[in-house]
Amino acid sequence: EKGEKIVFMDTVLNNSQKDSWDIMDHYRDLSVPELKNVDPILFLTTWIYTRMMSHADIYELYDCDNVISKGRPIYDEARWLELRRHYHGYPDDFDSPVLHVRSFAVPYEVRQDPEKGRGMYATDKIKKGDLIYTGTPHAAKFRNHLDYFKFLATVRQDMVCDILEWTFCQDFHDYDGSDEESDLTIVINLDDGSLYNHEYDDFANVGCDPSYVDRSPKICRENFFALQDIEPGEELFVNYDGFSDETVEDK
């Protein structure tokens, strides 16, 4: 199987653009939206043969280590809207209030750091316990990796590495005290909520204190609060260890 995968990858990557499109035409009955805008190499390797690939394979295919090391742009609202429309299956010119719902309850700005890249910074004083962000309005959720790769294949090529970087898995039953089986979900926040940088508990100033569960059993599912007083100009950090260590392929 590994040898077949390598042969397949070599064949696809060595094909001309035209040959790849010819192959993709054969599979248009899969009903992937907006196929004319999809990179044929990514389509073939992530949708048709998705069971032969992994998240890491796609990351390597797009040379994302190199792409990310060169610096990535700060997304404006138009870019985020484009991704939200793709996720919901809306036409490019579709507009609705649901696409513009605010996720942030505090003033902030996105800045570029020469070492860490993009990051979130407070622009006003935030008190401990204040709600900072709720991921509900713009969280793209996928119950399995096939649906996730299908979404990935519909977005613009220059966004792929960003999406791969921002994707995480979360078991929502960890936050509501449920005894039910795992509710592991693939998640991407399609707004600036994807730009929090990581720090461990002693330095993370954004998250959800377990004591907040007293307010509502599910309050920590998608809400981030200030874990300490935050001054204007301070960066907002979350602890990535709070998310599941399962991989996209586990779904």
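Leaving aside neighbours within four places in sequence, Ser103 is in contact (heavy atoms within 4.5 Å) with Ile132, Tyr133, Thr134, Pro137, His138 and Asp191. Ser103 sits in the loop between α6 (77-88) and β1 (108-113); helices (H or I, at least four residues) and strands (E, at least two) are DSSP runs, numbered from the N terminus. At 6% relative accessibility, Ser103 counts as buried, the term meaning under 20% relative accessible area with a 1.4 Å probe, protein chains only. Its side chain joins that of Asp191 in a polar contact of 2.7 Å. Such a contact is a pair of N or O atoms within 3.5 Å, of which one must be able to donate a hydrogen and the other to accept it; residues adjacent in sequence count only if both atoms are side-chain atoms.

Residues are numbered from 1 along each chain as its sequence is written, and side-chain values use heavy atoms, without hydrogens and water.

I turn to the sheet. Three strands form an open, antiparallel sheet in the order β3-β9-β8, where pairing requires at least two DSSP bridges between two strands. The edge strands, each pairing on one side only, are β3 (131-134) and β8 (206-207). Between β3 and β9 (residues 223-226) there are 3 bridges, and Tyr133 has Phe224 as its bridge partner in β9.

Next, helix α7 (residues 145-152). Asn144 caps its N-terminal end, with a side-chain oxygen 2.8 Å from the backbone nitrogen of Asp147. The buried residues of α7 are His145, Tyr148, Phe149, Phe151 and Leu152. They lie on the same side of α7 because they cover an arc of only 155° around the axis, taken from the directions from the helix axis to the C-beta atoms.

Beyond four places in sequence, Ile163 touches Leu83, Tyr148, Phe151, Leu152, Val155 and Ile188.

Finally, confidence. The chain averages a pLDDT of 77, on the predictor's scale from 0 to 100 for each residue, and 69% of the residues score at least 70. Over residues 1-35 pLDDT stays under 50, as over residues 46-51. Where pLDDT is low, the predicted coordinates should not be read in detail.

Technical notes
Predicted model: local features only at pLDDT ≥ 70, side-chain atom pairs only at ≥ 80, totals over all residues. Buried < 20%, exposed > 50% of the residue type's maximum accessible area, 1.4 Å probe, protein only.
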